[in-house]
Amino acid sequence: MPSSTVLGGPAGHVRRVVLVLLALAAASACGLRVPSQGASFGPAAPPSTPGGTSDTGAGGGGGAPSEGNVSDVGGAEVGVTDDTIEIGIMSALAGPATVLTGPMKAGWDAAIRAINSKGGIGGREIEVVWKDTQGNGSLYAEAVRDLVENKKVFTLTSGELSHQAGAGYLVEKGVPVIGGESAAPVWFQNPMYFPIGNQYNGTAAMADWAVKKGGAKAVALMSVNLSVSLEGCGAAKTHLEKLGVPLVYEAAVPIGAPDLSTYVTQARAKGADALLTCFDIQTTVALLKTLEKQRWHPYVGAASGAADDDLLKAASPELLEGMVVIFPLPSWTDTTVPAVVQYKKDFEALAGRGARNSNFAMRAYVSIFLLKEAVEAVGE
């Protein structure tokens with residue numbers, strides 16, 4: 001968990017330093033090896049795995065922001081007082097898009113409540129300005145501008161899946177987006193986005209595991225009709241081509257489809273022995289129920305959006321056995337990791353023991369602790 005270093009002194013230029021520290025904090029918060037002193041820190045490099053778009057919406061992305069970009073908004077008046085640090089959170093809080101990001105609000109709330117109950121960040125409580133983006137890129141762009149120009153928040157975090165509309169503006173203003181949802185390529189190509197884990201490249205890893213660990217010889221690849229899903233499965237497809245494994249079936253299905261019988265039947269008829277999916281949780285549950293119905297147990301690989309308590313409740317042990325779900329950070333089910341134990345304690349304190357855990361909830365939780373780690377590292 002993050003250190004307890006006290007943040008002191010004026011708030012001016014804190015945001016600028018946070019930008020430099022975020023990569024260090026990300027490694028520390030996830031229990032990774034931190035580079036030695038003198039190493040160059042910055043946002044994640046563009047993904048090395050082809051298959052996604054190179055359009056960041058940020059005018060070139062990949063490098064650290066210039067001094068001019070950051071100093072335009074740096075200063076004591078930007079989202080920090082002696083008592084508070086104000087952040088903006090953008091996500092779908094209502095409507096169809098909450099099928100993906102709904103659990104994130106509970107994760108953010110749990111982390112903020114836990115941190116504030118212990119004195120906040122350096123004696124400053126976290127305050128949140130919420131923006132409901134409804135899974136809409138135009139609403140995301142409007143929310144970004146309002147939070148930066150009118151609400152003057154210190155930093156942002158996001159559960160939105162349509163980032164491109166606001167990404168270039170954030171580079172111009174030098175305002176970081178920390179953690180949250182990290183499936184879209186923009187998290188790895190825009191210098192103002194600081195992702196948790198490597199969800200985008202993770203779909204290529206999913207393909208790699210299917211072949212090298214699962215012995216897949218003929219693969220069916222299924223996405224939902226969302227750009228982030230199509231881009232993720234594109235990376236998996238490219239990696240399968242590198243491995244020389246035939247892709248015998250490919251389909252984009254409606255998000256939340258209750259029955260996938262047609263798609264499963266077609267994949268099976270094509271001779272697939274492995275199904276790789278870039279699905280949300282509801283579509284994954286529908287897939288497993290369809291497989292159960294057809295009594296077919298192929299190798300199943302899934303993106304982290306499928307990791308959810310609902311999955312564990314919906315599928316039989318026979319189907320879950322051997323299923324591989326990629327995670328950008330430790331699973332909430334792995335109670336051997338001290339940080340996971342703390343997450344479960346904080347999450348249950350907010351939502352109760354019957355609360356729905358998901359990879360999205362834990363990612364949101366970690367994003368707030370990533371912010372805490374970075375700001376506390378600024379020190380005096």
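Which residue in S7 does Met222 stand opposite? The answer comes in the first view below.

**View 1. Strand S6 and its two partners.** Met222 stands opposite Ala251 in S7. Six bridges join S6 to S7, and the two strands run parallel. Look for Leu221 here, whose bridge partner in S8 is Leu276. How many of the residues of S6 are buried? Six of its six are, so you will find the strand mostly covered. Val219, Leu221 and Ser223 point one way, while Ala220, Met222 and Val224 point the other way, and all are buried.

**View 2. Helix H8 from end to end.** Helix H8 holds 17 residues, 227–243. How far apart are its end C-alpha atoms? They are 24 Å apart, which agrees with the 24 Å that the helix should span at 1.5 Å a residue. Several residues of H8 are buried, among them Val228, Glu231, Cys233, Thr238, His239 and Leu240. The buried residues of H8 also include Gly232, Gly234, Ala235 and Ala236. Just after the helix, Gly244 takes a positive phi of about 75°.

View 3. Side chains of opposite charge can pair when their charged atoms come close. The structure holds nine salt bridges, and this view shows two of them. Asp146 forms a salt bridge with Lys131, with the closest N and O atoms 2.5 Å apart. This pair links distant parts of the chain: Asp146 sits in helix H4 (residues 137–150) and Lys131 in strand S2 (residues 125–132), 15 residues apart. Asp146 also forms a salt bridge with Lys151, where the closest N and O atoms are 2.8 Å apart. Is Asp146 buried or exposed? Asp146 is buried, at a relative accessible area of 14%, while Lys151 is partly exposed, at 35%.

**View 4. A salt bridge between Arg356 and Asp310.** Here Arg356 forms a salt bridge with Asp310, and the closest N and O atoms are 3.7 Å apart. Arg356 lies in the loop between helix H13 (338–351) and helix H14 (359–378), and Asp310 in helix H11 (residues 309–314), so the pair ties together parts that are 46 residues apart in sequence. Arg356 is partly exposed, at 28% relative accessibility. Asp310 is partly exposed as well, with a relative accessible area of 28%.

**View 5. Two loop residues with a positive phi.** Most residues other than glycine have a negative phi, and most peptide bonds are trans. Lys152 is not a glycine, yet it has a positive phi of about 50°. You will find Lys152 in the loop between H4 and strand S3 (155–158), where it is partly exposed, with a relative accessible area of 40%. Arg295, also not a glycine, has a positive phi of about 55°. Arg295 is in the loop between H10 and S9, and at 75% relative accessibility it counts as exposed.

**View 6. Confidence along the chain.** The mean pLDDT of the protein chain is 78, and 78% of its residues reach 70 or more. Over residues 1–76, pLDDT stays under 50. Where pLDDT is low, the predicted coordinates should not be read in detail.

Notes:
Residues are numbered from 1 along each chain as its sequence is written. This is a predicted model: local features need pLDDT of at least 70, side-chain atom pairs count only at pLDDT 80 or more; totals for chains, interfaces and linings use all residues. Side-chain values use heavy atoms; hydrogens and water are left out. Helices (H or I, at least four residues) and strands (E, at least two) are DSSP runs, numbered from the N terminus. The expected span of a helix is 1.5 Å times one less than its number of residues. Buried means under 20% relative accessible area, exposed over 50%, partly exposed in between (1.4 Å probe, protein chains only). Two strands pair if DSSP finds at least two bridges between them. A salt bridge is a side-chain nitrogen of Lys or Arg within 4 Å of a carboxyl oxygen of Asp or Glu. pLDDT is the predictor's confidence in each residue, from 0 to 100. Contact means heavy atoms within 4.5 Å.
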